[in-house]
Amino acid sequence: MVFKMLFKQKYLALIAKGVVNTAFRKWKKPTIKTDGTLITPIGQLKIISVSPIDYEQISDQDIKAAGYNSRDELDRELSTKKEGGLYKITFKLLGEDPRIALREIDEISQEEFTKIENKLERLDSGGAVKNWTLKVLRSIRDHPERRAADLAIDLNYDKLWLKPSIRKLKGMGLTISLPLGYKLSPRGEEVLKRLGSS
């Protein structure tokens, strides 16, 4: 299962170099789990462990493994969130974001295509907005590089709903985020064609 957790750019650079493999977070409820994966701008991380920890248990080695130069630097980071329990997360870099390779695969077997159809149907029926996936895919196809805010106006959808919804399509390898807006991936183009979408 893929989860969410944010890293600042300086820590991402250290993770990419293999220097950092630990993080500390204050959470009311963890947003990641042991044995899950995490997609970041530098690639996919494997979550090795997520465990509660007392502040006094954090060693100097832990601080270094998390990319901090000192305990004071860790304290400043933790002080930005007043509530929640303290957790220690360990991880390793698996490699490139798998969605990058997936979105280039436009040779789709019938079995795989059926799974894609079923996933789109679940997205269409599972939330407050119904039957949206093909409308959004077609709009992105017809208007590449258009911002989510403008797509939302065209489609009469709420922007705050649309952006995470497009991320779900991206997770399927169907769309690509651009510096400005989006475009369909080769996989997304093939899916629309197979669905007979005009």
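Is Tyr157 buried or exposed at 15% relative accessibility? Tyr157 counts as buried, where buried means under 20% relative accessible area, exposed over 50% and partly exposed in between, computed with a 1.4 Å probe on protein chains only. The structure is a predicted model, in which local features need pLDDT of at least 70 and side-chain atom pairs count only at pLDDT 80 or more, while totals for chains, interfaces and linings use all residues. Residues are numbered from 1 along each chain as its sequence is written, and side-chain values use heavy atoms, with hydrogens and water left out.

Aromatic pairs were assigned to rings of Phe, Tyr and Trp (its six-membered ring) with centres within 6.5 Å; planes under 30 degrees apart count as stacked, over 60 as edge-to-face and the rest as tilted. The count by this rule is 5 aromatic pairs. One of them joins Trp132 and Trp161, edge-to-face, with 5.2 Å from centre to centre and 85 degrees between the planes. Trp132 lies in the loop between α5 (110-126) and α6 (133-142) and Trp161 in helix α8 (residues 159-171), so this pair ties together parts that are 29 residues apart in sequence. Helices (H or I, at least four residues) and strands (E, at least two) are DSSP runs, numbered from the N terminus. Trp132 is buried, at 3% relative accessibility, whereas Trp161 is partly exposed, with a relative accessible area of 21%. Tyr157 and Trp161 have ring centres 5.0 Å apart and planes at 65 degrees, so this pair is edge-to-face as well.

Two arginines lie over aromatic faces, a charge being placed over a ring if NZ of Lys or CZ of Arg is within 6 Å of the ring centre and within 35 degrees of the ring normal. Arg25 is over Phe7, at 5.2 Å from the ring centre, and Arg194 is over Phe113, at 4.5 Å.

Helices α6 and α8 pack at about 85 degrees, with axes 11 Å apart. Axes are lines fitted to C-alpha atoms, for helices over the stretch in contact, and angles run from 0 to 180 degrees between N-to-C directions. The arrangement of α6 and α8 is roughly perpendicular; angles under 35 degrees count as roughly parallel, over 145 as roughly antiparallel, 65 to 115 as roughly perpendicular and the rest as oblique. On the α6 side, Thr133, Val136, Leu137 and Ile140 meet Leu162, Ile166 and Leu169 of α8, contact meaning heavy atoms within 4.5 Å. These residues divide into 6 nonpolar, 1 polar and no charged (nonpolar: Ala, Val, Leu, Ile, Met, Phe, Trp, Tyr, Cys and Pro; charged: Asp, Glu, Lys and Arg; polar: the others, Gly among them).

Val136, in helix α6, is buried at 1% relative accessibility. Not counting residues up to four places away in sequence, Val136 touches Leu155, Tyr157, Leu162, Ile166 and Leu169. The C-alpha atoms of Val136 and Asp154, 18 residues apart along the chain, are separated by 10.0 Å.

Most residues other than glycine have a negative phi. Asn131, in the loop between α5 and α6, has a positive phi of about 50 degrees and is exposed, with a relative accessible area of 52%. Glu145, in the loop between α6 and α7 (148-155), also has a positive phi, near 75 degrees, and is partly exposed at 49% relative accessibility.
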